[in-house]
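Colleague: I have not worked with this model before. Could you show me how to read it, one feature at a time?

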Amino acid sequence: MKIIHYFKVAFHFRIWTHEFWLALFHDTVEDGYIGKWILKYWISLDYITKRKDEKYMNYIKRCSSNKYSKNVKIADLEENMKRCSDSLLKRYIKAYKYLTT
């Protein structure tokens, strides 16, 4: 059902924009569908891809330094907050506040 999540995030943006495409691919490297080699060619995807041992808030801070990644991460968090556990909700709210203020 992961592909449905990609589309839900993508539809926060106008079709065919950079953010739309980034949203469609935002978790694909982390989920193992696309190799890490693409990150050196698609900078925004690199910013929104969490590193293996990276602390979550460090990842959010790095993500916020690219306008496309930041906007897609905000949309991703909005979708994630609709269907997550209480323990994850606290983390997502903290990240959402950081990105939107």
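Modeller: This is a predicted model. Start with burial: a residue is called buried when its relative accessible area is under 20%, and exposed when that area is over 50%.

Colleague: Which residues of α4 are buried?

Modeller: In α4, the buried residues are Tyr 56, Met 57, Tyr 59, Ile 60, Arg 62 and Cys 63. That is six of the eight residues of α4, and the helix is mostly covered. Their packing partners are α3, α5 and α6.

Colleague: Which residues are buried in helix α2?

Modeller: Helix α2 covers residues 18-25, and Glu 19, Phe 20, Leu 22, Ala 23 and Leu 24 are buried there. The elements that cover them include α1, α3 and α5.

Colleague: Now single residues. Is Val 72 buried or exposed?

Modeller: Val 72 has a relative accessible area of 0%, so it is buried. Val 72 is part of helix α5. To see what surrounds a residue, look at its contacts beyond its neighbours within four places in sequence; for Val 72 these are Val 9, Phe 13, Glu 19, Leu 22, Ala 23, His 26 and Ile 48. Glu 19, Leu 22 and Ala 23 are also among the buried residues of α2. A distance between C-alpha atoms is another kind of reading: Val 72 and Thr 49 are 23 residues apart along the chain, and their C-alpha atoms are separated by 11 Å.

Colleague: And Ser 44, what does that residue touch?

Modeller: Not counting residues up to four places away in sequence, Ser 44 touches His 18, Leu 22, Asn 66, Tyr 68 and Ser 69. Ser 44 belongs to helix α3. Its relative accessibility is 5%, so Ser 44 counts as buried.

Colleague: Where is Glu 54?

Modeller: Glu 54 sits in the loop between α3 (43-48) and α4 (56-63). Its relative accessibility is 16%, and because the limit for buried is under 20%, Glu 54 counts as buried. A polar atom of the Glu 54 side chain lies 3.0 Å from the backbone nitrogen of Arg 51. Leaving aside neighbours within four places in sequence, Glu 54 is in contact with Thr 49, Tyr 59 and Arg 62. Tyr 59 and Arg 62 are themselves among the buried residues of α4.

Colleague: Is Trp 16, by contrast, buried or exposed?

Modeller: Trp 16 has 63% relative accessibility, so it counts as exposed. Its place is in the loop between α1 and α2. There is also a backbone angle to read. Most residues other than glycine have a negative phi. Phi of Trp 16 is near 75°, a positive value in a residue other than glycine.

Colleague: How should I read a pair of helices? At what angle do the axes of α5 and α6 cross?

Modeller: Begin with the axes. Those of α5 (residues 67-81) and α6 (residues 86-100) come within 10 Å and cross at roughly 150°. An angle over 145 degrees counts as roughly antiparallel, and α5 and α6 are therefore roughly antiparallel to each other. The crossing of α5 past α6 is left-handed.

Colleague: Which residues make the contact?

Modeller: On α5, the contact is made by Lys 70, Lys 73, Ile 74, Leu 77, Glu 78, Asn 80 and Met 81. On α6, Leu 89, Tyr 92, Ile 93, Ala 95, Tyr 96, Leu 99 and Thr 100 take part. Sorted by kind, the contact has nine nonpolar, two polar and three charged residues.

Key
Residues are numbered from 1 along each chain as its sequence is written. This is a predicted model: local features need pLDDT of at least 70, side-chain atom pairs count only at pLDDT 80 or more; totals for chains, interfaces and linings use all residues. Side-chain values use heavy atoms; hydrogens and water are left out. Helices (H or I, at least four residues) and strands (E, at least two) are DSSP runs, numbered from the N terminus. Buried means under 20% relative accessible area, exposed over 50%, partly exposed in between (1.4 Å probe, protein chains only). A polar contact is a pair of N or O atoms within 3.5 Å; within protein, one must be able to donate a hydrogen and the other to accept it, and residues adjacent in sequence count only if both atoms are side-chain atoms. Contact means heavy atoms within 4.5 Å. Axes are lines fitted to C-alpha atoms, for helices over the stretch in contact, and angles run from 0 to 180 degrees between N-to-C directions. Angles under 35 degrees count as roughly parallel, over 145 as roughly antiparallel, 65 to 115 as roughly perpendicular and the rest as oblique. A crossing is left-handed if the near helix is turned anticlockwise from the far one by less than a right angle, and right-handed if clockwise. Ala, Val, Leu, Ile, Met, Phe, Trp, Tyr, Cys and Pro count as nonpolar, Asp, Glu, Lys and Arg as charged, and the others, Gly among them, as polar.
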